[in-house]
Number of protein chains: 2
Amino acid sequence: MKLSTKIQEMNYSPIRKFNSYAAAASEQGKKIYKLNIGQPDIITPTVFFEAIRNFDEKVLEYGESIGNIELREGIVKYFKNVGVECTKDELIITNGGSEALLFIFLALLNEGDEALMAEPFYSNYHSLIKAAGGSIAPIPTIAEEGYAYASKEKLEAALTDKTKVMCVVNPSNPTGTLLTEEEVRTVIDFAIEHDLWLVVDEVYREFIYDGQEMSSFAHYPEIEDRLIVVDSISKRFASCGARIGYIMTKNEELHGNIMKLAQSKLCCPTLEQVGAAALYGLEANYFDETREEYKRRRDAICEELSKIEGAVFRKPGGAFYVMVKLPVDNAEDFLMFLLTEFDVDGETIMYAPASGFYQTEGCGINEVRLAYVLKEEDLRRAMQILKLGIEAYNKKKANK
Amino acid sequence: MKLSTKIQEMNYSPIRKFNSYAAAASEQGKKIYKLNIGQPDIITPTVFFEAIRNFDEKVLEYGESIGNIELREGIVKYFKNVGVECTKDELIITNGGSEALLFIFLALLNEGDEALMAEPFYSNYHSLIKAAGGSIAPIPTIAEEGYAYASKEKLEAALTDKTKVMCVVNPSNPTGTLLTEEEVRTVIDFAIEHDLWLVVDEVYREFIYDGQEMSSFAHYPEIEDRLIVVDSISKRFASCGARIGYIMTKNEELHGNIMKLAQSKLCCPTLEQVGAAALYGLEANYFDETREEYKRRRDAICEELSKIEGAVFRKPGGAFYVMVKLPVDNAEDFLMFLLTEFDVDGETIMYAPASGFYQTEGCGINEVRLAYVLKEEDLRRAMQILKLGIEAYNKKKANK
């Protein structure tokens, strides 16, 4: 009675790994500023709940495997607003962006196939690619270069004869890096030249700052046959608990085959789709306010971080994460210290240690991902606690 | 740019395959009695909707990957009522029973591994096992023997050195067959003797008729280390569109590893879990009424079926399906006839052709699965239409 090789090679979530220590600290009355998980404190638009409250069918029936038609029509309109043409038949609604990725990798990867991806990467990519029998071929990046990866040299250096897919998260989780139009062009040329599938995760599309323009991969017709866009309402509409994501692809063969998986799980939840359809009915200016709010938070967290001597980071162009190299020997060890030994007037902080975002042994040991998902004053306070924590931790280490 | 071998080997749902023809017939004003899908017309308990309407958090947050604690506690109580002892930490909430199965097979099967299973089987098992890289080793059964399979001889004849898992759906979808206690014992001894994982799908547990007792595999402590129970609220509480299922296993290593998959998809929808928790708060006698209703339906459909000359079937002991061998040459061809050429006063019927429930080439060609999920009078009317349809179809065939 053995387990499968693939499940044994999967990792536990590095983001959720310290949850039990945090729970214990909370139980002891400690207040924890949670910057470890992309769970914003932004209020979910009330139309979501209203639409669900107004649902008046007596029988909660199975829906269509491809997804609720009103929701798909809403997404088509949304895409049109951001310059992406697609039809409702090119979409498949999934249980969050995570299921979208699982289905895509199951549909594309054979055992031993590789997916090219910038490292550090959102750790679930590792899990979901492993679950499909594949593995990540990492493109190394460094904090000092703002985690840039989209150059011909870097991409080709990571390519092997096993590479079948190129994965892009833009703007990036965990680094917040936004590709320039030139970099997007480089990735496109590379995917065409080496005949790769291009999986593009644009769930943070609306969170881009400083007036930069988002160059969606779906704007380029020359790759429409190899492109698979992953999207989700979780961050976009502060609806993480709804678990509604979707796949968009114009490749009919791929769409048809992913539908086999969609049929095998029958359908997505009916009520959540009703709520999600209502979200896509919001005016486009809904995003302006949240974008402004995240920008203020980004600026605040970066300002406070710059007061920490030895911290290395770049102001991120998008999403709501910032990766920081901290002046500590080990970010996991330091996090345990913060949760179990340290507080400032009963308060401490939590982050995601970055080693879980690296596959390459020994990388990211003293890096952390901070999700700026709290109010500005909370973020400032959290960074002040971080600064004091570093001092206390390093003093303790020096005294040993 | 190729697709994975596993996705290419997966099938489209045979249950949903004829939906477009049914939609076209409906558009032309035809009324269709839909016996093709296990979508009951039973009303979803109002507590489900009420609990969701009363949800008053402002931010719809991620939940725990293992599942909502109130829901898990409700399931523990439910299990206790049916004689199964488990703790909330032995459960994992999933997006329906389908995701539970996908996760289990991903955790157990390597490429080439086989899962033993009685044929005909619920077609999604084929898809979900394929998605994990495995395949089904079918145990052949026949209508004339009531699709019985749980004998030492039959089980051993299907065993190979690739067999890693034994799957049981009890009572069965699609056949409605309920295992006797002796048969359960046979399966248990077989699994122990050959050191197999035992995946037991008991989602129809509450739908057992004629005063028979359900012998859950979870009643036998000697297999608790190899047992994985799959369960769901879809049928039990007429909540198909909620997509809430779960896994129960006392094998800590397996539970821990499946949690990697649960973490990779973050969590199940928050609201649906709130509704499901309320369902598990219903009194145990909730099931008495639905069970009585399904029994009446089963008796009605069987009575009408017995008036069709040449139809071969056994009165099913559980679930809400009956498999019937019809006096036609081809059940798929006949279904197309029913949907596109035939009606009785503007009405026709739809069923699931059984060939999709068989893996062995040429099996089930003239068999169908009828889901008795409609009201008694509708079922009787549907069976009368079926009878007339068979006559018309065979007359048309004879005239060719």
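Which radius of gyration would a compact globule with 400 residues have, and which has chain A?

**View 1. Chain A as a globule in a predicted model.** A compact globule with 400 residues would have a radius of gyration near 21 Å, and chain A, with 21 Å, agrees. This radius is taken over C-alpha atoms, and the globule rule is 2.2 Å times the number of residues to the power 0.38. Along the principal axes, the C-alpha atoms of chain A fill a box of roughly 65 × 55 × 55 Å. The model is predicted: local features need pLDDT of at least 70, side-chain atom pairs count only at pLDDT 80 or more, and totals for chains, interfaces and linings use all residues. Residues are numbered from 1 along each chain as its sequence is written, chains are lettered from A in the order in which they are written, and side-chain values use heavy atoms, without hydrogens and water.

**View 2. Burial within chain A.** Of its 400 residues, 63% count as buried (under 20% relative accessible area, 1.4 Å probe, protein chains only).

**View 3. The interface of chain B and chain A.** Contact (heavy atoms within 4.5 Å) takes in 83 residues from chain B and 83 residues from chain A. The buried area, about 6800 Å², is 56% from carbon and sulfur atoms; buried area is the accessible area (1.4 Å probe) lost on putting two parts together, summed over both. In chain B, Met1(B), Arg16(B) and Tyr62(B) lose the most area to chain A, together 13% of what that side buries.

**View 4. Salt bridges between chain B and chain A.** The count is 0 for a side-chain nitrogen of Lys or Arg within 4 Å of a carboxyl oxygen of Asp or Glu.

Conventions. Buried means under 20% relative accessible area, exposed over 50%, partly exposed in between (1.4 Å probe, protein chains only).
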